[in-house]
Amino acid sequence: MSPLQRLGLVKLRQETLSQLPAGRILEIGAGTGLNFVYYPADAHGVAGEFSREMLRIAETKTRPPRVQLLQNRAEDLPFKTHSFDAAFATLVFCSVESPAQSFAELRRVVRPGGTVVLLEHVRPGGVLGPLFDLLNVFTTRLFDDHVNRRTAKMVSDAGLEVVDVKSRLLGIINLIKCRVS
C-alpha cells in the first residue's frame with residue numbers, strides 16, 4: 001500500500017472521512033487501521049474487519065477511544081437496524097464476496113437520511129475498461145481482488161441513493177457518496 005499511499009491515497013482517505021457527518025460511524029474493512037489517523041478525535045462507533053490478523057495489527061494503532069474494533073463480515077453485520085449515522089469503506093468492495101448483500105446490510109444499519117461514503121478502485125471507462133476486464137481474470141485468482149467492479153452502479157442497484165461520484169486517477173479510483181433512503 002505504501003506506493004499507492006504516496007500516489008495520492010493519503011489525500012483521498014482524508015477526503016473520504018471529511019465527507020462523514022458527526023455521529024456514530026461504522027468503518028467496513030478497517031484492515032490494519034490505516035484510516036485511524038484521519039478519524040475525528042471525537043469519533044465514536046465501530047471499525048469492523050473480517051481478517052483476525054489485520055485486526056491484531058489494527059489493535060496496535062492509535063484510534064479515538066470511543067471507536068471499538070470488531071471482527072465481522074460486511075455481508076452479515078451484527079448490529080441493530082439504524083445503529084449508525086454514517087458508514088464508510090476504503091478499498092474494500094473489490095474483495096467483498098457479495099457486494100449486493102453488503103450494501104443491503106449498510107442500508108439496514110445506517111439510519112434513513114444517513115451517509116455512506118466509499119473510496120474504491122473500479123472498472124474505468126474508455127479503453128482502460130476492457131483491459132481491466134482482462135486483468136480481473138488474473139487478480140481474482142491471485143488476490144481475490146475484483147478490479148473491474150462497477151461499484152457506483154452496484155450501490156444504486158442495492159437501493160442507496162448515489163449523491164456524488166468523484167473520479168480520480170484516470171477513473172480507476174472513485175469517491176462515492178451515498179444517502180440511505
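Colleague: Which helix supplies the largest share of the lining of the largest pocket?

Modeller: That is H1, with 6 residues. Keep in mind that this is a predicted model. H1 covers residues 2-18, and H1, S1, strand S2 (44-49) and helix H4 (128-143) each supply at least two residues of that lining.

Colleague: What is the volume of the largest pocket, and which residues are closest to its centre?

Modeller: The volume comes to about 1,000 Å³. Of the 42 lining residues, Thr90, Leu91, Val92, Cys94 and Ser95 are the closest to the centre. By class, the lining has 22 nonpolar, 12 polar and 8 charged residues.

Colleague: Leu91 is on that list. What is its phi?

Modeller: Leu91 has a positive phi of about 55°, although it is not a glycine. You'll find Leu91 in the loop between S4 and H3. Asp144 is another residue other than glycine with a positive phi, near 55°. Asp144 lies in the loop between H4 and helix H5 (151-157), and it counts as partly exposed because its relative accessible area is 46%.

Colleague: On to the sheet. How do I read the strand order?

Modeller: Start with the general idea: strands of a sheet pair through backbone hydrogen bonds, either parallel or antiparallel. Here 7 strands form an open sheet in the order S3-S2-S1-S4-S5-S7-S6, with mixed pairing. The edges are strand S3 (66-71) and strand S6 (161-168), each pairing on one side only. Ignoring direction, neighbouring strands of the sheet are turned by 15° against each other on average.

Colleague: How many bridges join S1 to S4, and do they run parallel or antiparallel?

Modeller: There are 4 bridges between S1 (residues 24-28) and S4 (residues 84-90), and the two strands run parallel. As a landmark, Leu26 stands opposite Ala87 in S4. S1 also pairs with S2 in the parallel sense, over 4 bridges, and there the partner of Ile25 in S2 is Gly45.

Colleague: What about S2 and S3?

Modeller: S2 and S3 pair in the parallel sense too, over 6 bridges. One place to look is Glu49, which stands opposite Gln71 in S3.

Colleague: Which strands does helix H3 lie across?

Modeller: Helix H3 (residues 99-109) lies across S1, S4 and strand S5 (110-121), and it runs at about 145° to S5.

Colleague: Which residues line the second largest pocket?

Modeller: Ala43 is one of them, and the lining also includes Leu17, Leu20, Ile25, Pro40, His44 and Arg66. That pocket has a volume of about 160 Å³, and its lining divides into 7 nonpolar, 2 polar and 2 charged residues.

Colleague: Where does Asn72 lie, and what is it in contact with?

Modeller: Asn72 lies in the loop between S3 and S4. With a relative accessible area of 10%, Asn72 is buried. Leaving aside neighbours within four places in sequence, Asn72 is in contact with Gly48, Glu49, Phe50, Leu77, Pro78 and Phe79.

Technical notes. Residues are numbered from 1 along each chain as its sequence is written. This is a predicted model: local features need pLDDT of at least 70, side-chain atom pairs count only at pLDDT 80 or more; totals for chains, interfaces and linings use all residues. Side-chain values use heavy atoms; hydrogens and water are left out. Two strands pair if DSSP finds at least two bridges between them. Axes are lines fitted to C-alpha atoms, for helices over the stretch in contact, and angles run from 0 to 180 degrees between N-to-C directions. Contact means heavy atoms within 4.5 Å. On a 1 Å grid over the protein atoms alone, a cavity is a set of points where a 1.4 Å probe fits but cannot get out, and a pocket is an open set with protein on both sides within 12 Å along at least five of seven lines; lining residues have an atom within 4 Å of a point. Grid points are joined across faces, edges and corners, and a volume is the space filled by probe spheres set on the points. Ala, Val, Leu, Ile, Met, Phe, Trp, Tyr, Cys and Pro count as nonpolar, Asp, Glu, Lys and Arg as charged, and the others, Gly among them, as polar. Buried means under 20% relative accessible area, exposed over 50%, partly exposed in between (1.4 Å probe, protein chains only).
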